[in-house]
Amino acid sequence: MKEFGKRIWRRLLSHTKLYKLLWYFLPNGVYVFNYHRIGSKEECIYDRTIFSCDANTFDQHIKTIKSHFTIISCQQLAQLLATQELSFQQRYAVITFDDGYQDNYTMAFPVLKKHQVPAIFFLPVNFIGSDYIPWWDQMAHLLRQHSGQVIHFPGNHGEQWLDPAELEQSIHRYIHKAKRLPNLSTREVLQYLQKNYPLPAAALHTETSIFMDWQQAKDMLQHGMEMGSHTIHHPILSEVDENTQRYEITESKKQLEQLFEQEVIALAYPTGRKKCYNALSVQLAQEAGYQLAFSNEPGINRKADFPRFEIHRFSVSHHDIKASIFC
Ligand SMILES: [Zn+2]
């Protein structure tokens, strides 16, 4: 029903002039637009659902955001909050990227540079400059090789038919559920899949280095971009013990600061939905000395309750950026 309502709403907006006017009625506040991957998802053998858009669309998004918001960096946001100079008589935008994929450098960075717009890139330290393939990318790659089959979840958690007619949605549904299985980590689900549904030999050769390297990150820093922490290993923080959370949050800040020789002021919780981090994560982020921390819960950040350590972000996954806010 909820999906049905959203569909009607989207259709109504796109068929009326209302859609264009909506920009002018947006409330004041800080809007954070979060991207993951930029590029052509059809060419990707891994998780295609985390592509936000292609490079041309990203260029359009930046033009649109520029014309309706004052774009600020994280450093500026932190300063405006510290000095209480953030004006809630206007609309600000902050642009963020999670995970440090190489296309952030090859596809997004040239667009940002062209428009002279700052963005912050949240890096999982161990992914950068490595040939690591994260669990969600491995899972999508493996599942795509089993199109048409019924794939079980470990334990008594049911199954998912990988419908060839809508394969990508079926893969997405499997991964979505895998993240939420009680008492089973995503790593355990991946291990179960690898054991029970092995990759055919022809699919074993995969592309390597899907993440940016340190030199690329430094190059972006020199051109006005910012780097933030996305922990060391990208764990779902609410699933790990206190010592691990502390290590992931504190050590990543320390290592990034040593590498970049400058302060790292912001953290993005991995995955970032409400159940993926907890009160301890927020407390540890404050203790570690971050000035800002970002969730992936959608919403406008407004003055009365500015959530400095749980800043809302709109996840961009639509061709039309308005849909990220309104739908
Ligand atoms: Zn992430």
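This text walks through the structure from overall shape to individual residues. The model is predicted.

Start with the whole chain. The protein chain carries 12 helices and 12 strands. Its C-alpha trace spans about 55 × 50 × 35 Å along the principal axes. For 327 residues, a compact globule would have a radius of gyration near 20 Å. The protein chain has 20 Å, so the value agrees with that expectation.

Buried residues account for 51% of the 327 residues in the protein chain. Consider contacts with a sequence separation of 6 or more: residues 24 or more positions apart supply 70% of them.

Now the surface. The protein chain exposes about 15800 Å². Carbon and sulfur atoms provide 50% of that area. On the charge side, there are 34 positive and 34 negative side chains. The centres of these two sets lie 8 Å apart.

The largest nonpolar core holds 52 residues. Within it, Phe33, Tyr35, Phe58, Phe97 and Phe121 touch the most other members. Helix α5, residues 102-115, gives the most to this core, with five residues. A second, separate core has 29 residues, including Tyr46, Leu142, Leu184 and Phe211.

Leave out residues up to four places away in sequence. Phe97 then touches Tyr35, Phe58 and Phe121, among others. Its partners also include Asn34, His36 and Ile38. Asn104, Ala108 and Leu112 are among them too, and these three positions fall within the 102-115 range of helix α5. Ala119, Ile120 and Phe122 also touch Phe97.

Ile120, Phe121 and Phe122 lead on to another residue, Gly228, which touches each of them. Gly228 lies in strand β9, residues 226-229. Is Gly228 buried or exposed? Its relative accessible area is 0%, so Gly228 is buried.

Finally, return to helix α5, where His115 is found. His115 has a relative accessible area of 12%. Buried means under 20%, so His115 counts as buried. Which residues does His115 touch, not counting those up to four places away in sequence? They are Asp59, Ile62, Lys63 and Lys66.

Conventions:
Residues numbered from 1 in each chain as written. Predicted model: local features only at pLDDT ≥ 70, side-chain atom pairs only at ≥ 80, totals over all residues. Heavy atoms only, no water. Helix = DSSP H or I, 4+ residues; strand = E, 2+ residues; numbered from the N terminus. Rg over C-alpha atoms; globule rule 2.2 N^0.38 Å. Buried < 20%, exposed > 50% of the residue type's maximum accessible area, 1.4 Å probe, protein only. Contact = heavy atoms within 4.5 Å. Areas by Shrake-Rupley, 256 points an atom, 1.4 Å probe, with all protein chains shown as cover. Lys, Arg positive; Asp, Glu negative; His and termini not counted. Charge placed at Lys NZ, Arg CZ, Asp CG, Glu CD. Core = buried A, V, L, I, M, F, W, Y, C linked by side-chain atoms within 4.5 Å.
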